[in-house]
Amino acid sequence: MSAATTTAPAGPASRTGRRRRRDLVLWISCVVLAALVLAAVAAWLTGFAGSATQTAGGRLEVPSAAFPLGTDNLGRSVLPRLLEGIATTLALSLVAVACSAVVSTVAGMLAGSFAGAVSETVMRIVDVLYAFPALVLAILVSALVGPGHLAAIASITLITIPLMTRMVRMATMRVVSRDYVVSARISGVRTGRIFVRHLLPNIAGTIAVQASYALSVAILVEGGLSFLGYGVQVPDASLGLLVQEGMLYLTRAPWLLLAPGATLVVSILCVNLIGDSLRDRFEPRETRSLT
Amino acid sequence: ASDGGAASSEEAAPGFLAVADPESGAGGELVVQVDYDTAEASGLDPQGAAAARAWMIEGLVYETLTTIDENLAVRPGLATSWEQPSETEYVFTLDPEATFSNGRAMTPDDVVGSLRRLIDNPAVWTGQLGPVTAVEATGADQVTVTLAEPYEPFLAALANTPAAVLPMAEIEAGEIDPAAEMLGTGPLVAADHRQDEYWVFVPNEHHPAAADLGFSSLRLEIVADEATRVAGLRDGSADVALLNAVDSADLLTDDADVEVVHQQNTDFHYLIVNSLSGDPALQDEDVRFAINAAIDRDGINDLVMAGVSAATGVTPVPLPDACAVDDLPSSSASIEDARAVIDEHGGLELDLLIYDSEAVLADIAQVIQQNLAEIGVTVEIATYDYATYSSRVYAAPADFDLALSWFSGYADPAMVTGWWNPRLAGFSAGYNHGSEELDALIAAGASTPAGSQRAGVFADLCVQADTESETIPLVLRPTIIGYRGDTVSPTLYSNEGYGDFLRMLTEFHAAE
Amino acid sequence: MSALEIDDVAVEFATESGPVRALDGASLTVRPGSSVAIVGESGSGKSTLASLIGRLQPGNARIVRGSVHVDGRDVAQLDTRALRELRRTMLGSVPQDPIESLDPTLRIGRQLQLVLRLAGKDSGVPARRALLEGVRIDDPDRVLRLHPHEVSGGMAQRIAIAIAMCRSPRILVADEPTAALDAQVREDVIRLMFEQARATGTTIVWLSHDLPTVARWCDEVAVMYAGRIVEHGPAAEVLGSPVHPYTRALAAADPTRVRQGERLASIGGGPPVLHAEADGCAFAPRCAFADDACSAGRPGPSTLRGRVHLCRRAEALERLEVSS
Amino acid sequence: MTPIVELDDVTVVFRSGRGARRREVAAMRNVSLQVAPGETLGLVGESGSGKSTTSAVVLGLQPVTEGRVRFDGAPLDRRLRSRAGRVQAVQQHPQWALDPRMRVIDSVLEPLQVIARGRPENQRRALAMLSDVGLPESFATRRPHELSGGQRQRVAIARALVTNPSFIVFDEAVSALDVSVQAQILNLILDLQAEHGFASLFISHDLAAVRYVSHRVAVMRHGSIVEVAETSVFYQSPSHPYSQMLFQELHS
Amino acid sequence: MQTALWTLRRVGVSVLTLLGVSILIFASVRLMPGDYADLALGPLASDAQRQEALAEAGLEQPVVAQFGQWLLGVVTGDLGHSYVSDVSVGEELARRLPVTATIAVAAIVLTVLLGLPLGLATALRSTRRGGGAGGRLLSAFGISVPEFVLGGLVVFLVSSTAIGLSVGGYRPPGEDLAAFARSLLLPTLVLAVACSAVTARNTRDAVLNVLVEPHIAASVARGESPGFIVRHHIVRNAMPPVLTLLATIVATLLGGTVIVETIFNVPGIGAYLVTALGRRDYLVVQAVVLLAAIVFIVANLVVDLVATALDPRLRAARIAA
Ligand SMILES: Nc1ncnc2c1ncn2[C@@H]1O[C@H](COP(=O)(O)OP(=O)(O)OP(=O)(O)O)[C@@H](O)[C@H]1O
Ligand SMILES: Nc1ncnc2c1ncn2[C@@H]1O[C@H](COP(=O)(O)OP(=O)(O)OP(=O)(O)O)[C@@H](O)[C@H]1O
Ligand SMILES: [Mg+2]
Ligand SMILES: [Mg+2]
């Protein structure tokens, strides 16, 4: 786009057809994810999922009207446990990503706007975290604070911080050199105000995109942790834990693995697709044909 | 599997889950997969071995004076026979053919030295051996052991690997370090070992059974993941595999060649109630009993164990003279009374510690959680890795309210009942106080000869322990063994006391 | 035959907020060997028009009507192979930002080698050196070893010209090739480009809004407004005595023309963005001379003083001026 | 009359690299110049000659290696807040001149809020300023992407003027605009200066534009000022050979 | 020269990072509840036995002294001995490294072979109508299937179908190369799926970023063929970000191998680490994490160097910084 474009909206020009298709993907992803969340919340509010710890039927019963997704090895109905699992997994991941977004935003903005000691310190700490194998970090954390929700949240936060901080820092560096920030400084606007009024809104897109990717990583990590026994603990349910529990019954009670496994894959897929769409929206690129 | 999935506990012969077919193919490598390796502070020294896995592995190389049979009764081992001139004196006649794998024949000095060594360097098993006052060679093939007082489990205690006969001449000469190298009279010799990966055992050519062994070598693989062991059985990369989950058989239903059997163990799961440093309410015997009464042992068996296990009291039910579970006070106590007791305390919130290496604990914990919910006790399950678990449970003061664990039941009821005496057990001193009445009954159980009188003592002991409800036995912990009928023909006891499912290994046939 | 014949082309871009009409019936004929400048405000459609020559318009562009003939061939009818052939053999282009238009990862020498090879010429080091010498670069051996970010804008533009000219194209399209350069370098580069083109008889299509330079160098000027060429004729005359009111306004806004103390005449308002075919004269709303009829009907081309223009009232204006 | 801005023998050296690769670029060498109140000083010179560095020094964004900078007679305070509202700048890139997420009115209000927080008349003043730069009130709630480049540059000027500064730096403020818009902005600057009486430093490589708005012109080359003269003098008879070469183009 | 200096600085920073990692790992393993003696001796052991075991492992000394000793050992190439097996940690690592390295390298090679072309093709197709949607969905799906789900399914499928592959059956390469390769095939494939998907997505991004650059437009305008443009102007330009990602993948592979090595029972570093963590075999844990950090840091260093070699702009920017 030319610098001196006229009154034409300066928004990204892209082919509307593709745009609409991307929107469709975004919408479908959001709707599926929202449906999962709603189902989980509803189950929780009505107490449908709360009593899931109770034995209700025989072991490993096939899906029926009474138990739409069958029962597990302790005779519990799988559906409420699955709903509880969705709630736990998403809630944990969201909380963790929120934590890491806050930390990364503050650290990345500081490192991006103050070169020198601040930036170096922040980036070295980030390097150390980055160099630490993610899963080991998680295992150590869970050994330190004891496995469970807190460990999962702390691990996911620590794992997602490095990349996010780097991206926020890069975005910040881009924004701080923009003329409007320099103008604000010349006008004597306080640093704190510049952060809140100019930096934050303008890197919000990056944060949103990174957060959505972090969320998909979070769901994966939660699954991996619970699978290895370092994450969510029984009798609570999380998708990873349910997959792990279901693995043993693959032939006799495949629903025990397939239900949480498919839900897990679908949620990660949705979050990823949302991230892709957000990214296309915030960092638009005109694609060009080579012919 | 034959009966469409559920593992069979039908016996091939009385007392046997499987009997090797001498006609079946032989001479192949036998591949056995287990879930974890031995890792003892004392290395490979059998006398320091504290865990059943070490007993089993070292038991392939070492032999003991006595052994136990399919009905958990004591049978001759390296001692071909014995006499008991008095209640406190045992005279063993040694097998003249017993030879160490280096070719040296076993002597009475080896036996004497081994037992002395165990007594002089106190280890876990020293206590189980009983009040031994003297061990002497009393002939070219005779060893006499004298006890300070009658100790009924003595012969059973001799049947376990820590009491094995070591090559004392070589050890005393400094030629071998038993912690690093195994030299025994057993049927096999360890040829290779990678910690946590595998063991390779080859026949000890000096062993009497060497010539007739039905396999060329034994490869013991350490495979941590249950599903992988199942897969190993399915695709034939394992001949025999130890399985943890009762439901593992389910994964093998469609494979006609794989058999899954449950070996009944004297091992059992128990619930620890921390009456010393746990929730103050737990110091109240009524509260503990209420908890005990609320726990549905049969429910645990049905839900967690798919009915293949059995509820047990302090004395493991498969052993002679064991007490009947149904006669325990907690079995007949009413849930209403239990709830009333808890209500007096305004409800209780307790944590329940388990560790993650034994999947079944999580299931048991969840059933207990449900049971206790009914009497107003809210249980929070906390899973840790074993290191963390043990640092909280065995610390002084112990840092938990409830915890799950399991005991080896051994081959005599009196061996395990000792653990109910914290002063004897040591490890439980941080969370249980026990009682003088109980201690007395425990002592009586050890010294009373087998028979109805002893059964009476055990019945009282069970009731007393049940009433005190400090350490509450739950259900037996069976060993689930899978094997491929097409490549291996094993001999497996229906019952086992020392976790050694390869006890009859010399009978196994592995197809080439 | 004309080197380039653009006939009544209309082009629309699909955008989020609906179609944007960048060209609204533009027509332009260029004689072989001549140099024509296309001038106009930003957004008037210059780049879009130029991109049509090699069918290089962006993917979201749609040609609503009209045709483009290069050397007699209808560009729209070519298959990809023929199109590539046309671009390779007939067209050269000098980009606006020369540094950006060179592959940042390859040394200049390597890029020249690739271009020469593709043109089927000797691509050895001497040939490359000669190429650089042709655009008057001192010390070509050093420059051959440099990466694009290590050369100055002026140098890069010379290299770009060398790359464009090494295949002796029939038409050289230059989209504001000097906008990124400073005044002095600009002059050198323009001179070079025109000299090279004259030597090979290449037709130049030069896009710019730098009126004085255009007046100095080009044979002809085509003035664009809102996607149409509103006036086309010999350069000195079009800029010296414009016919179309828009050209007049543009010329008056050029600060080089005012004397000290004089005030610049600026046109109020801004150019329109069309979303469909304009009903009347697109300049009418800003035009001091417009009457109601101007907004009502699309003006067709007419000729005045040797120029093609699109103003209904050109002659009336002329009279008005004479009388005043 | 005290100059509003005075550079006295200012040198700025940029150091880059470390160790053997250490390089020093003198972006400004012994530069001395003054801008009197109400005066526009034009600054021209080829790319990289140090024009932007000079503007950064004048604005207090860039510390000097040597020399003194005085603002309104007093040595320049490094704290930008100390002269909030008295100095402003309009920069080169219209697309980054305004925060894309802020409404036009908020951008204009921002410098006012620094010096007079929350005064009710601020809003009025900002709107008046917008109309001064030729933007109707309806533009106040637009966001930058709804404006053309020229309009954005107008907002940037409004924003710079709203605090009634005594000094404004225009760094290539019209270079990115095309002729017709450029003419509008240049006229606007002249009109506003007549009205508000600010002094300014007008940086551009467009000599014609510089001539149009400046009272005096300084020519920079390789970090030094090679010539300073009255605009009229300059464009008739530049004395320095470099200036002569530069201006030759304008006369051809 | 400038590159050498920049490299030196990078190496310096890396060493600093490693020191940070060392302190973090050392502190955290020691903060973990429980210790080696508890585990090896079991609850029945006496206090004296515990003390003896701790002393034998050198764990009774002050923590700072232990750290100093360990660091000194690391620098001199002595990683100590495993408390459990008494095998030298260095030797054990050297033995297990080939296993993990084989899986990791093979997975990376597969990733490069699958992910790069897929990403490139998706990017090039995305200019067409509906183009690249298939590729995008494929990679999004690949990213979304966790290793433990895929691994579990593969274990089950392989063991229940006769396709000639089996789970486990690991043999050292010197003993039986075919069995070695066969046992590593599945874990490699499982690992490669997710990695390829991530790589495909990032490659697509990188290529799209290059496609919008003016020099590509210039190439197109010159009439160069798509194949020519891809070969000469796209691949090299798109490489740096993709390489950076590959470096990250190399590092995360260790995490991935923990899961696949457990599932497929291959004795690599990942499985070693998990066992050692459970046993509180501190020296082993420390060594493995340090190794992983070194791999991460070296991979990043190498990638940075290669990227700078590929893209001279980066070189200029980095040397200036
Ligand atoms: N890819 C595109 N998608 C959507 N609209 C576009 C695209 N390219 C150009 N336009 C619009 O088409 C119109 C003409 O643009 P064009 O680039 O041809 O103008 P120009 O005269 O070259 O301007 P400049 O002098 O700024 O380069 C403008 O309104 C512009 O916003
Ligand atoms: N932050 C910096 N670090 C190092 N060198 C710099 C820095 N800023 C400017 N320079 C150098 O200082 C010199 C003067 O730069 P300056 O930006 O002032 O020039 P300019 O006249 O404004 O050029 P242009 O017309 O291209 O904007 C140049 O050689 C430039 O490379
Ligand atoms: Mg253009
Ligand atoms: Mg500048």
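Here are legends for a few close-up views of this predicted model.

**View 1. Chain C as a whole, with its twelve helices and twelve strands.** The radius of gyration is 21 Å, close to the 20 Å from the globule rule for 324 residues, so chain C is as compact as a globular protein of that length. Draw a box along the principal axes and the C-alpha atoms of chain C fill roughly 65 × 50 × 40 Å. Of the 324 residues, 56% count as buried. If you look at contacts with a separation of 6 or more, 63% of those in chain C come from residues 24 or more positions apart.

**View 2. The surface and charges of chain C.** Chain C has an accessible surface of about 12,700 Å², and carbon and sulfur atoms own 50% of that. There are 39 positive and 40 negative charges in chain C, and their mean positions sit 3 Å apart.

**View 3. The one disulfide in the structure, counted over all chains.** Cys323(B) and Cys462(B) make this bond, with their sulfur atoms 2.0 Å apart. Cys323(B) lies in the loop between helix H9 (297-303) and helix H10 (329-332) of chain B, while Cys462(B) belongs to helix H17 (residues 452-468), so to speak a distant part of the chain, 139 residues apart. The torsion about the S-S bond is about -80°, so the disulfide is left-handed. Both Cys323(B) and Cys462(B) are buried.

View 4. Cys287(C) counts as buried because its relative accessibility is 15%.

Note on methods
Residues are numbered from 1 along each chain as its sequence is written. Chains are lettered from A and ligands numbered from 1 in the order in which they are written. This is a predicted model: local features need pLDDT of at least 70, side-chain atom pairs count only at pLDDT 80 or more; totals for chains, interfaces and linings use all residues. Side-chain values use heavy atoms; hydrogens and water are left out. Helices (H or I, at least four residues) and strands (E, at least two) are DSSP runs, numbered from the N terminus. The radius of gyration is taken over C-alpha atoms; the globule rule is 2.2 Å times the number of residues to the power 0.38. Buried means under 20% relative accessible area, exposed over 50%, partly exposed in between (1.4 Å probe, protein chains only). Contact means heavy atoms within 4.5 Å. Accessible areas come from the Shrake-Rupley method with a 1.4 Å probe; for residues, only the protein chains shown count as cover. Lys and Arg count as positive and Asp and Glu as negative; His and the chain ends are not counted. The place of a charge is taken as NZ of Lys, CZ of Arg, CG of Asp or CD of Glu. A disulfide is a pair of cysteine sulfur atoms within 2.5 Å.
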